[in-house]
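Work through the two exercises below with the sequence and the structure in view, and try each task before reading its solution.

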Amino acid sequence: MVLVYTTFPDWESAEKAVKKLLEEKLVACANLREHKAFYWWKGSIEEDDEVGALLKTKVELWKTLKERLRELHPYEVPAIIRVDVDHVSSEYLNWLLEVLP
């Protein structure tokens, strides 16, 4: 299992992308959280409201998910970050593997 973290500029774009990824069975689950982001962009420090997405999938779908996120993403340079999961409950992992192809 891997977690994939990305951010979106608003709820609409986050929900649209996440629903598409769920329909395409590239993720089993997604959690969205609104937050304040501070970052460097083109020589200036920027401040925006964003929606962070934590996507749960299996290792075998990582490359396809990454490419699909790039296609769906509204940002010029989206954060698409993979976090390998060393430990997960067997019940949750079994559910994830049942849901995804």
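Helices (H or I, at least four residues) and strands (E, at least two) are DSSP runs, numbered from the N terminus. The model is predicted, so that local features need pLDDT of at least 70 and side-chain atom pairs count only at pLDDT 80 or more, while totals for chains, interfaces and linings use all residues. Residues are numbered from 1 along each chain as its sequence is written, and side-chain values use heavy atoms, with hydrogens and water left out.

**Exercise 1.** Find the aromatic pair and describe its geometry and its setting.

Solution. Rings of Phe, Tyr and Trp (its six-membered ring) pair if their centres lie within 6.5 Å, and planes under 30 degrees apart count as stacked, over 60 as edge-to-face and the rest as tilted. By this rule there is 1 aromatic pair. The ring centres of Tyr92 and Trp95 are 5.2 Å apart and the planes stand at 50°, so the pair is tilted. Because Tyr92 and Trp95 are 3 residues apart in helix H3 (residues 90–99), about one helical turn separates them. Buried means under 20% relative accessible area, exposed over 50% and partly exposed in between (1.4 Å probe, protein chains only). Tyr92, at 27%, is partly exposed, and Trp95, at 34%, also counts as partly exposed.

**Exercise 2.** Describe the surroundings of Thr57.

Solution. Thr57 belongs to strand E3 (residues 44–57), and it is buried, because its relative accessible area is 0%. Leaving aside neighbours within four places in sequence, the residues in contact with Thr57 (heavy atoms within 4.5 Å) include Met1, Val27 and Leu100.
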